[in-house]
Amino acid sequence: MIAMFVISGAAHGGGVLYVDDDAPPGGDGLSWDTAYRFFQDGLTSAAKGGVTEIRVGQGTYKPDRDEANTDGTDNRNASFDLLSNVALMGGYAGIGAKDPGERDIALYETNLSGDLLGNDGPNFENNDENSYHVVTSSSVDETAVLDGFTLTAGNANSPFLPHNQGGGMYNDQSSSTVINCIFSGNNAGGCTGGNGGGGGGMANHSSSPTVINCVFSGNNAETHCGGFGDWGGGGMGNIWDSNPTLINCIFIGNTVTPLLGVARGGGLSGRATITNCAFIGNSADFGGGMHAFFGSILTDTTFSANSAILGGGIYMVTSNTVLTNCTFTGNSASWLGGGMFSSSSSTPTLTSCTFSDNAAELQGGGMYIGSGSPTLTGCTFTNNSADFGGGIYDLAASTTTLINCTFSDNSAISGGGGMYSTDATSPAITGCTFRGNIAEFDGGGMYADSFTSPTLTNTEFSGNFAFVGGGMYNLSSSATLNNATFSANSAAVGGGLYTRSSSPTLTDSAFANNDAALGGGMYNELGNPTLNGCVFTANMATLDGGGMYNIIGDPSLSSCAFNDNSADFDGGGMYNVASNPSVTECTFSGNSTSLFVGTGGGMYNAASSPIVADCTFSANSAKDGGGMANGAGSNPAVTSCTFSSNHANANGGGMYNANSTPTLTNSRFINNLAHNGFTFAYGGGIYNSNSNPTVINCTFADNTGFGHKGGSGGGMYNNNSSPTVTNCVLWDNFPNDIKDVSGSATTVRYSDVEEGWTGDGNIDADPLFVDPDNGDLRLLPGSPCIDAADNTAVPQNISTDLDGNPRFVDDPDTKDTGNGDPPIVDMGAYEFQPPKIEPCPWDLDSSGDVGVKDLLFLLGTWGPCPKKGDCPADFDDSGDVGVKDLLILLGAWGPCP
């Protein structure tokens with residue numbers, strides 16, 4: 001990434017001076033042969049004017065030495081001062097080389113050292129007498145150039161400004177240019193009047209230098225003031241409107257030592273514009289790699305192996321830092337924000353950034369968001385880890401925006417493998433993917449907690465794992481999910497989604513191939529989620545609730561589909577215990593439980609009273625209750641539903657009721673089967689045990705209750721039960737329509753029962769279904785069930801039939817045989833709708849009378865019709881317009897009735 005040691009161009013024009021520590025005394029600096037021995041002499045000469053460049057040969061130069069003070073002055077104030085319009089160029093071979101003018105800054109190292117006594121030891125030992133600043137730029141512009149030097153052993157440790165800032169280089173109100181330089185082993189720090197020091201390698205005070213191809217290595221800043229009075233910035237510190245531009249630079253192994261107060265910005269502290277740089281192995285209390293101030297801009301920059309208490313890679317407070325194509329890898333925080341820490345109303349913008357292998361011991365392995373409104377677009381979080389929020393930890397009323405981001409293989413111990421959101425946050429997540437994340441406890445993909453209100457749109461959760469909430473965990477959260485997908489997530493409870501004391505809203509979302517012990521697709525406890533247009537497919541529970549598990553909650557579902565979900569025990573599609581969901585216009589198809597121990601293939605209700613309306617239960621299977629099972633005092637209200645082709649291996653192909661009192665209205669049971677190859681099977685349509693359901697205007701046809709050793713109750717089987725059946729049709733069920741045993745007493749009124757049944761208004765006559773072989777159980781004209789039922793039995797809230805057509809429709813061609821004031825309701829799930837008779841079909845121009853225009857229209861279409869039924873004037877339906885049609889029109893001449 002970093003293209004270091006790029007060779008600078010030749011002289012900038014004008015006068016050139018030469019410096020070489022191997023030169024003999026008394027040189028004038030005009031050539032290599034007569035070079036100055038001391039760098040300060042060259043700077044003194046250049047300050048007089050007429051010089052644009054100083055070329056310095058390899059060697060070591062100290063700022064307190066010149067020709068007049070060859071052994072040095074030991075003056076700590078001594079520094080090499082940059083000059084506007086003068087380029088200082090190091091890295092030349094110098095005197096003694098075959099070509100003294102050959103330049104290679106790596107081979108011919110030119111050192112500017114603040115170790116005035118030459119006695120420094122490792123770890124900044126014996127540096128108390130070192131120069132405060134090795135290099136200084138004061139009130140110079142970009143034409144003041146420092147190129148190709150190593151700056152080392154500066155020690156700005158004075159308690160007074162400015163000598164507590166910028167051990168390697170101090171810039172004051174300057175915009176110098178620094179190229180191909182190394183800042184190594186410099187130190188800064190000190191405090192007076194609350195004004196702290198910082199910037200071990202470089203300090204910028206009201207300055208914006210341009211720094212290109214430079215390395216900041218092993219520099220240190222000390223904190224002395226306490227609180228936030230210290231600058232920080234082991235490699236570089238920027239304050240008072242400073243905004244340096246850094247290009248192709250490396251910050252490696254820089255530190256901030258917390259002697260007193262807060263250590264910030266191991267690599268860099270302050271505002272900066274940074275492009276294609278790397279921060280590696282830096283450390284501080286806050287911001288191991290960088291402490292980013294308001295207005296920083298970072299592009300194509302890498303933070304790796306940095307460490308801190310808060311913000312291993314970057315720490316920011318009250319900042320609007322912009323990061324593009326940046327990478328955070330292997331950074332660590334002992335508390336918060338392994339890769340990045342953002343808090344105190346910060347509004348950073350991150351685009352196409354990568355967070356990988358970062359770790360925090362507490363929260364936010366990849367990123368910690370304390371408050372504010374960060375925006376992340378196209379970012380990836382991979383293999384980050386923390387106790388809470390492996391990828392991101394988001395709290396304190398923040399309003400984070402995530403767009404097209406990916407969270408993969410992140411991990412958390414307590415919760416939120418991919419992301420943890422808490423404390424009234426409102427993240428907006430769009431087009432994001434949570435894949436393969438793990439939480440040992442809660443929320444493999446995402447955890448939403450403590451009154452959060454996240455909004456997720458077009459977001460995918462796949463292959464995530466947690467003990468609770470494999471894909472997502474909601475606790476006291478009002479999440480909104482639009483077009484979200486949960487696939488192949490797993491957990492002990494809530495494979496795809498877990499909600500507790502929450503009321504999320506899900507629209508057009510899908511749950512597929514998720515698994516859990518309870519609630520393969522979704523688990524809801526003590527909450528009232530709302531689902532519209534959602535699909536649950538092939539989810540699995542090793543205990544209960546393959547598609548959805550609800551306990552002590554009242555979810556609302558509309559236009560949802562449960563397909564091919566399974567549970568080993570109860571509720572293949574949906575499991576409800578002590579819950580009263582509202583389920584409208586939903587389909588339950590191909591769901592299953594174990595055929596040997598499971599109950600409620602489509603839906604299982606225990607101590608629950610759901611409202612189920614306009615739903616379809618088809619091809620579901622279970623031991624008991626292929627379509628639906630109700631137990632433990634459940635009282636569901638089932639209205640305008642279809643139970644078709646469901647299978648029970650024992651009892652209740654369509655529905656199984658035990659100690660329950662459901663109410664069924666306007667529903668049909670067709671081709672349901674209670675059957676097995678081993679023993680008895682009962683109740684093809686419905687099986688009732690100690691139950692007293694109310695069944696009104698329902699149709700039972702072609703249901704079968706028969707096992708290998710026999711059975712009965714093809715339509716309905718009652719064991720110690722007393723159902724009430726009114727206005728129903730039970731026909732062609734096998735081996736019989738209704739079977740009562742063990743003290744059962746079914747009350748049947750105004751119903752059509754094959755082979756008859758005692759009761760008011762009952763009949764035994766072919767109901768004349770439209771097409772029973774193909775499942776059409778509507779009534780043909782002339783059916784004995786038309787206008788033959790009891791008006792008083794129809795609930796007041798029922799005004800339509802299973803098709804949504806009006807009830808209480810009179811057929812003028814049928815005698816009223818039922819009970820009540822006309823019009824009389826029909827038996828069965830469908831109300832016969834007499835064909836509408838057009839009052840004046842001969843009025844072809846819809847003018848209100850039959851006249852000349854209608855005659856001309858008829859004559860204009862005379863002859864064969866292009867297609868039978870397409871000729872309005874073919875009154876006799878013969879396939880052509882002819883004489884008979886003409887006579888019919890003339891017979892109707894005049895005003896329409």
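## Surroundings of S398

S398 touches I369, S371, G372, T425 and S426, leaving aside residues up to four places away in sequence; contact here means heavy atoms within 4.5 Å. The model is a predicted one, in which local features need pLDDT of at least 70, side-chain atom pairs count only at pLDDT 80 or more, and totals for chains, interfaces and linings use all residues. Residues are numbered from 1 along each chain as its sequence is written, and side-chain values use heavy atoms, with hydrogens and water left out.

S398 sits in the loop between β44 (392-394) and β45 (401-403). Helices (H or I, at least four residues) and strands (E, at least two) are DSSP runs, numbered from the N terminus. S398 counts as buried because its relative accessibility is 0%. Buried means under 20% relative accessible area, exposed over 50%, and partly exposed in between, with a 1.4 Å probe and protein chains only.

## Disulfides

The structure holds two disulfides, a disulfide being a pair of cysteine sulfur atoms within 2.5 Å. One is formed by C840 and C896, whose sulfur atoms are 2.0 Å apart. This pair links distant parts of the chain: C840 is in the loop between β99 (776-779) and β100 (849-850), while C896 is in the segment after β103 (894-895), 56 residues apart. The torsion about the S-S bond of C840 and C896 is about -65 degrees, so this disulfide is left-handed. C840 has 13% relative accessibility and therefore counts as buried.

C865 and C871 are also joined by a disulfide, with an S to S distance of 2.2 Å. C865 is buried at 12% relative accessibility, and C871 is buried with a relative accessible area of 14%.

## Cysteines without a disulfide

C326 is in no disulfide; the nearest cysteine sulfur, that of C353, is 4.6 Å away. With 0% relative accessibility, C326 counts as buried. For C181, the closest cysteine sulfur is in C214, at 4.8 Å, which is too far for a bond. C181 is buried as well, with a relative accessible area of 0%.

## A nonpolar surface patch

V852, L856, L859, W862, V883, L887, L890 and W893 form a nonpolar patch on the surface, and together they have about 820 Å² of accessible area. Patches are made of residues with over 30% relative accessible area and no salt bridge; like charges are joined within 9 Å, and nonpolar side chains (Val, Leu, Ile, Met, Phe, Trp, Tyr) within 5 Å. A salt bridge is a side-chain nitrogen of Lys or Arg within 4 Å of a carboxyl oxygen of Asp or Glu. Accessible areas come from the Shrake-Rupley method with a 1.4 Å probe, and for residues only the protein chains shown count as cover.

Helices α2 (852-860) and α3 (883-891) each supply at least two residues of the nonpolar patch. One of the patch residues, L859, lies in helix α2. L859 is partly exposed, with a relative accessible area of 43%.

## Backbone features

Most residues other than glycine have a negative phi, and most peptide bonds are trans. The peptide bond from L161 to P162 is cis, with omega near -5 degrees; P162 is in the loop between β10 (155-156) and β11 (169-172). The bond from P822 to P823 is cis too, with omega near 0 degrees, and P823 is in the loop between β99 and β100.

N123 has a positive phi, near 55 degrees. This residue is found in the loop between β6 (110-113) and β7 (135-138), and N123 is exposed at 71% relative accessibility. Phi of N383 is also positive, near 60 degrees. N383 is in the loop between β42 (380-382) and β43 (385-388) and is partly exposed at 40% relative accessibility.

## Aromatic pairs

Rings of Phe, Tyr and Trp (its six-membered ring) pair if their centres lie within 6.5 Å; planes under 30 degrees apart count as stacked, over 60 as edge-to-face and the rest as tilted. By this rule the count comes to 42 aromatic pairs. Among them, Y18 and W32 have ring centres 4.9 Å apart and planes at 55 degrees, so the pair is tilted. Y18 is in strand β1 (residues 15-19) and W32 in the loop between β1 and α1 (39-46), 14 residues apart. Y18 is buried at 14% relative accessible area, and W32 is buried at 11%.

The rings of F39 and F80 have their centres 5.0 Å apart and their planes at 35 degrees, so this pair is also tilted. F39 lies in helix α1 and F80 in strand β4 (residues 80-81), so the pair ties together parts that are 41 residues apart in sequence. Both F39 and F80 are buried.
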